Amino acid sequence: MRILVSGASIAGPVLAYWLARRGFEVTVVERAPGLRKTGGHAVDLFRPAMEISAKMGVLPRIEELATGTDRLTMHREGRPRPTEIDLTKLVGIASDRHVEIMRDDLSEIYYDAARDDVEYVFGDSITAIEYDGQVTFEHSPARRFDVIVGADGLHSNVRRLTFGPEADLTRFLGGYLAVVSAPQGLANPGEVTGHIGVGRIAAIYTADHLDDARAVFMFRSNEPLDYDHRDTVRQKELLRGTFAGMHSQVDRWLEEIADTRAFYFDAISQLRMDRWSRRRVTLVGDAGYCPGPAVGGSTSLAVLGAYVLAGELARADGDHLRAFAAYELQMRGPVHLSRSFARGVARGLIPGSRAAVWALTRGVRLVSLMPGSLSRTLAKLNTRGVRMHDSMPVPDYSAAEA
């Protein structure tokens, strides 16, 4: 069975690994000329993704490249003294098994896991998909595949070709996220330095193995802003206008926008699709069910979805329609929980008033001071809240391996 995967970020390489291991002939096509190894931001892997990574044999390398940030120094806008927070306590509430790693590092690790067993085509993209599986590419000759999988992110090309314009499928959650590459010397090792004010948050961090730092900006907006998602000039203007004058340290980070070697800017939006499959095409990860960047655990959800899709295709023994139905049934629960969780986080993460700023900083400070055993015990009482990501089940597909 010949399977085409579009996208070589997270879900694509994980899916390719498990498909190849189960005997499928896999091709991955990626629009970029190579793996994106500059810029990006830190992502969280929770227990299900950690278990799947362990099955792949890549967990030691993931843990080796963890960011290692264990403390947060948070400055409230207009206040002279910062708040010191123990990040290990906050993480311990959400997960017993967790790693924070740079997204580009994680992508490379998953890519390396199966690069010798998978055909990778960089610098190309899909332009048309026919009913019989015939696929037309921007540069390569047309080819026929039994299954086509869109693993190409929130602005998925495969989703657009199969389901129509994405504008009808997304829900704006009221905020924006930006990441800027900055000199490593602007950040302190092992620490996130942040500034929080009404409607905006800025922070910077680095890791021992990086040669730069990453400045992260999040801000609220009642309505979607007018810009194209590929228009970086307009995006940088919006970012400067929102954060200028917040603090001299933030102004210094903003100076890097003009010459940064990597820049990311996008709305915190949620995909609201109830079905992810049509004919020979299905979607995985952010392409099908992004709960919202930075708020919904989308990376762990993408790893789980890729693992489940490969397992169900193997179980179905070539019947892709049966596999798609089983895949959607298996992932429906985790996806809906992630969506609900992300909507709550999006409302509370970026405070909309001075009272909300006080409450947020006070709350995380109290958790930081609380004994770790007590905070974890309280958190475990609610598997649909902060423990939602750890509670997602990982099915056993060992009998389906080739």
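This report describes the cores, selected helices and strands, and a few individual residues of a predicted model.

## Nonpolar cores

The largest nonpolar core of the model comprises 75 residues, and those with the most contacts inside it are V5, L15, L19, I62, Y110, V284 and M331. Helix α10, spanning residues 298-315, supplies the largest share of this core, with 11 residues.

The surroundings of Y110 can be given in detail. When its neighbours within four places in sequence are left aside, Y110 is in contact with I10, P13, V14, L45, S53, M56, V58, I62 and V303.

## Helix α2 and its cover

Helix α2, made up of residues 47-56, has P48, A49, M50, I52, S53 and M56 as its buried residues. The elements covering the buried residues of α2 include the helices α1 (11-21), α3 (59-64), α5 (103-114) and α10, together with the strands β3 (42-45) and β6 (99-102). Just after α2 comes G57, whose phi is positive, at about 80 degrees.

## Strands β12 and β16

Strand β16, which covers residues 263-271, is largely enclosed by the rest of the structure, because seven of its nine residues are buried. Its pairing with strand β12 (residues 170-183) is antiparallel and extends over eight bridges. Within this pairing, R171 stands opposite Q270 of β16.

## The α10 and α11 pair

The axes of α10 and of helix α11, the latter running over residues 320-349, come within 8 Å of each other and cross at roughly 155 degrees. Angles over 145 degrees count as roughly antiparallel, and α10 and α11 are therefore roughly antiparallel to each other. The crossing of these two helices is right-handed.

On the α10 side, the residues that meet α11 are L301, L304, G305, V308, L309, E312, L313 and R315. Their counterparts in α11 are H320, R322, A323, F324, A326, Y327, Q330, M331, P334, V335 and S338. M331, listed here on the α11 side, is also one of the residues with the most contacts inside the largest nonpolar core.

A310 is likewise found in helix α10, and its relative accessibility of 0% means that A310 counts as buried. Apart from its neighbours within four places in sequence, A310 is in contact with L15, W18, L19 and R22; of these, L15 and L19 are named among the residues with the most contacts inside the largest nonpolar core. A187, by contrast, lies 40 Å from A310 in space, C-alpha to C-alpha, and 123 residues from it in sequence.

Most residues other than glycine have a negative phi. R279 has a positive value, near 55 degrees, although R279 is not a glycine. R279 is placed in the loop between β17 (277-278) and β18 (281-283), and its relative accessible area of 40% makes R279 partly exposed.

D317, also a residue other than glycine, has a positive phi near 55 degrees. The loop between α10 and α11 is where D317 is placed, and D317 counts as exposed because its relative accessibility is 70%, a value to be read against the limit of over 50% for exposed residues.

Note on methods
Residues are numbered from 1 along each chain as its sequence is written. This is a predicted model: local features need pLDDT of at least 70, side-chain atom pairs count only at pLDDT 80 or more; totals for chains, interfaces and linings use all residues. Side-chain values use heavy atoms; hydrogens and water are left out. A nonpolar core is a set of buried Ala, Val, Leu, Ile, Met, Phe, Trp, Tyr and Cys residues joined through side-chain atoms within 4.5 Å. Buried means under 20% relative accessible area, exposed over 50%, partly exposed in between (1.4 Å probe, protein chains only). Helices (H or I, at least four residues) and strands (E, at least two) are DSSP runs, numbered from the N terminus. Contact means heavy atoms within 4.5 Å. Two strands pair if DSSP finds at least two bridges between them. Axes are lines fitted to C-alpha atoms, for helices over the stretch in contact, and angles run from 0 to 180 degrees between N-to-C directions. Angles under 35 degrees count as roughly parallel, over 145 as roughly antiparallel, 65 to 115 as roughly perpendicular and the rest as oblique. A crossing is left-handed if the near helix is turned anticlockwise from the far one by less than a right angle, and right-handed if clockwise.
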